[in-house]
Amino acid sequence: MHILVTEGLTKRFPGVTALDQLTVTTGPGVTGLVGANGAGKSTLIKMLLGLLPPSSGRAQVLGLDIATQGAQIRRVVGYMPEHDCLPPDVSATELVVHLGQMSGLPRTASRERAADVLRHVGLYEERYRPIGGYSTGMKQRVKLAQALVHDPQLVFLDEPTNGLDPQGRDEMLALIRRIGSEFGISVLVTSHLLGELERVCDHVIVIDSGRLLRSSAIGDFTQATSVLTVEVEEGTDALLAKLTEAGQTVTPQGRALLVKVDGPGTYDAIRDAAVELELCLTRLEQGRQRIEDVFREEVAGV
Ligand SMILES: Nc1ncnc2c1ncn2[C@@H]1O[C@H](COP(=O)(O)OP(=O)(O)OP(=O)(O)O)[C@@H](O)[C@H]1O
């Protein structure tokens, strides 16, 4: 089943085309939407929620048409907006219960769901304190909790790691992965930090100035590269010399050697050299391309 389908989706503002003829399809799971600031990510999310009409083109979210079924879409989709939009003088519990009720949950059910989602996102006793005193990380968690309170089938998370420190980022990314895997809720998550989506997404869409650069499964994005990373306990220099002598292309990198794979012979050459020099191999690993590198190549090729 398709979660999102867009066909030639375009949004023009006076003087700027925020989204230009976007045609993509995604399935269930976690989808990353990557692009620099101003690439059109938030505009796409607002259009998919039926909040912003397209200038041209069409799109469906969970089979619902964005032009005519916006209200139904918002009933089954949760939305975590990018900017800080939380009232400072109410507690997380009060806010999430209230938003649950606004989504149609009865008061008791909304209280129970709010307690559950706030616990899932890692807010405990502090959920009774006014939001104004929260850290950025806690505020991001409240925004995530309110996106989940009405038990959606899909959530749109707009820059959920914005403003977080490295540990906060890791925790937020782990949460996003859990939403996709444990709770079975599909996720569309945006980021301008390419590397971080690599860890949590099944599918990645890359846009630049409103145009699609690439949309593919994460595995296709990060093809195995043809470079082996080799490490030995001692004798790196001797191994470098031996492999070079054997006709291999070798580049030292820190304690490791990067060896270009020309075929099965490369593996044999490394094994033979290690045996001959009586070296203890501690690492032999085929590298994978990082999304960031692919993205850079795609942008350079445009
Ligand atoms: N309401 C609007 N009126 C005019 N221009 C707009 C409007 N909303 C967005 N834009 C423009 O459309 C382009 C895309 O903006 P958008 O907010 O979708 O980008 P983004 O990828 O979400 O970036 P960011 O992460 O910085 O929010 C930008 O050039 C922006 O200035």
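Around the ligand stand 14 residues, of which F13, A18, N37, S42 and T43 come nearest. A residue counts as near a molecule or strand if its C-beta atom, placed from the backbone, lies within 6 Å of it. The model is predicted: local features need pLDDT of at least 70, side-chain atom pairs count only at pLDDT 80 or more, and totals for chains, interfaces and linings use all residues. Residues are numbered from 1 along each chain as its sequence is written.

Two elements, β2 (16-26) and α1 (41-48), each give at least two residues to the shell around the ligand. Helix α1 provides the largest share, three residues. Helices (H or I, at least four residues) and strands (E, at least two) are DSSP runs, numbered from the N terminus. By class, the shell holds four nonpolar, seven polar and three charged residues. Here Ala, Val, Leu, Ile, Met, Phe, Trp, Tyr, Cys and Pro count as nonpolar, Asp, Glu, Lys and Arg as charged, and the others, Gly among them, as polar.

Burial was assigned by neighbour count. A residue is buried if 20 or more other C-beta atoms lie within 10 Å of its own, exposed if 12 or fewer, and partly exposed in between, with C-beta atoms placed from the backbone. In helix α9 (residues 236-245), the buried residues are L239, K242 and L243. Seen down the axis of α9, these buried residues fall within an arc of 95°, so they line one face of the helix. The arc is that of the directions from the helix axis to the C-beta atoms. D237 and E245 are exposed and sit on the face of α9 turned away from its buried side. Just after α9, G247 adopts a positive phi of about 90°.

Positive phi values also occur at non-glycine positions. L62 has a positive phi of about 50° although it is not a glycine. L62 lies in the loop between β4 (56-61) and β5. L62 is partly exposed, because 18 other C-beta atoms lie within 10 Å. E278, likewise not a glycine, has a positive phi of about 55°. The loop between α10 (264-276) and β14 (281-288) contains E278. E278 is exposed, because 8 other C-beta atoms lie within 10 Å.

A further loop residue is A67, placed between β5 (64-65) and α2 (70-76). A67 is partly exposed, because 13 other C-beta atoms lie within 10 Å. A67 and P54 are separated by 13 residues in sequence and by 8.0 Å in space, C-alpha to C-alpha.
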